[in-house]
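Hi there,

As promised, I am passing the structure on to you.

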Amino acid sequence: MRPVSGKRTSRTPGTSPTSTRIALISIPAAVLLALIPTAASAYPDPGAVTGATIVHDPTMIRTSGGRYLLYATGGGLSYRTSTDRIAFSAGGDAFPARPGWWSSYGTTEAWAPDISYQGGKYLMYYAVSTFGSKKSAIALATSPSGLPGSWTDRGSVYTSTPSSDYNAIDPNLFVDDDGTWWLSFGSWSTGIKMIRIDPSTGKQLSSDTARRTIAARPTGSKAVEAPYVVKRNGYYYLFASYDTCCAGVDSTYKVKVGRAGAVTGPYYDRNGVAMTNNGGTPVLESHGRYIGPGGQSIMHDTDADLIVYHYYDGNDHGAPKLGVNRLNWSSGWPIAY
């Protein structure tokens with residue numbers, strides 16, 4: 001569930017997957033071990049950001065000209081931009097005029113966008129729904145520039161109904177090395193799902209209509225959502241948000257990860273527990289003023305991979321704010337720093 005209080009492997013346009021794999025910052029082993037969260041050690045604080053940083057469920061990409069474009073939940077998909085990844089300014093929504101079909105889902109705002117650059121154009125998957133409802137739709141928009149007002153809505157991609165055992169929200173597009181497209185999505189109920197996408201349409205591939213489960217919590221809380229898939233060093237990694245968002249300082253959101261040898265899973269955490277059976281290795285959790293980090297996306301930048309997320313600021317009445325941290329993969333698992 002992704003309303004604003006108060007859902008991507010992105011790569012730089014005009015480059016190939018090979019050329020975008022820039023070496024990550026090297027960290028000595030002793031320092032890396034110190035970064036691994038334990039019961040006695042804190043998770044890293046977000047990196048410094050200023051300006052228009054009130055966001056929820058952020059997704060970010062860097063253009064070939066070095067400009068950062070960030071979209072987030074709210075309105076017609078709220079927009080922020082930066083030239084240095086520190087100072088962010090606000091602009092108009094992706095959709096200044098809301099597509100009329102949104103109203104059939106009881107809303108005039110959109111949630112949890114996922115931006116990427118594929119085949120010479122920007123793609124943005126997003127969701128429309130209302131809080132607590134499974135009458136939901138994932139949709140697609142395209143743009144030549146990625147800027148607000150330039151987006152053409154392509155309509156619904158996948159839907160759910162009140163009787164569905166899944167929820168069609170929080171989409172994330174993953175394009176594999178062999179050119180196959182996959183969309184992960186979902187929330188609560190029977191967990192995170194994955195479908196195959198037709199690159200020519202951006203919608204479900206007609207020859208493969210399977211809906212696969214890649215993460216779930218069959219016992220206890222059903223609270224898992226916001227999937228994001230990346231491939232690093234021969235493994236597929238599934239990030240997801242666990243527990244409860246959208247409650248300000250009472251939020252219990254946290255980010256966990258598992259990895260697999262195939263994009264469709266099975267994904268296991270660092271202890272060998274399946275993500276379809278409550279598994280997940282922590283990446284970010286609440287600490288100090290930084291409450292309920294989640295709604296994450298992963299972005300490859302020139303200096304490192306980034307985890308881009310929101311947290312609720314305990315020093316500002318629980319306002320949802322932008323968090324950005326680098327990730328180090330040298331242990332075989334993503335470590336935020």
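Below is what turned up, going from the whole chain to a few individual residues.

Please keep in mind that this is a predicted model.

**Overall picture**

Of its 337 residues, 57% are buried.

**Salt bridges**

How many salt bridges does the structure hold? The count is 14, and here are a few of them.

Let me start with aspartate 177 and lysine 231, whose side chains meet in a salt bridge with an N to O distance of 3.1 Å. Aspartate 177 sits in the loop between strand S10 (172-175) and strand S11 (181-185), while lysine 231 belongs to strand S15 (residues 224-232), so this pair ties together parts that are 54 residues apart in sequence. Lysine 231 has a relative accessibility of 22%, which makes it partly exposed.

Next come aspartate 208 and arginine 212, which also form a salt bridge; their closest N and O atoms are 2.8 Å apart. Is aspartate 208 buried or exposed? With 15% relative accessibility, aspartate 208 counts as buried. Arginine 212, at 21%, counts as partly exposed, because the cut-off for buried is under 20%.

There is a network as well: Arg62, Arg85, Asp301, Asp303 and Arg326 are joined into one by salt bridges that share partners.

One further pair is arginine 98 with aspartate 93, where the side chains meet in a salt bridge at 3.7 Å, N to O. Arginine 98 is partly exposed, at 36% relative accessibility.

**Phenylalanine 95**

I also looked at phenylalanine 95, which is placed in the loop between strand S5 (87-91) and strand S6 (111-118). Although in a loop, phenylalanine 95 is buried, its relative accessible area being 4%.

Which residues does phenylalanine 95 touch, leaving aside those up to four places away in sequence? Its contacts are Gly76, Leu77, Trp102, Tyr126, Ala141, Trp151 and Asp153. For aspartate 153, the separation from phenylalanine 95 is 58 residues in sequence, and the C-alpha to C-alpha distance is 8.6 Å.

Happy browsing, and do write back with any questions.

Best wishes

Methods. Residues numbered from 1 in each chain as written. Predicted model: local features only at pLDDT ≥ 70, side-chain atom pairs only at ≥ 80, totals over all residues. Heavy atoms only, no water. Buried < 20%, exposed > 50% of the residue type's maximum accessible area, 1.4 Å probe, protein only. Salt bridge = Lys/Arg side-chain N within 4 Å of Asp/Glu carboxyl O. Helix = DSSP H or I, 4+ residues; strand = E, 2+ residues; numbered from the N terminus. Contact = heavy atoms within 4.5 Å.
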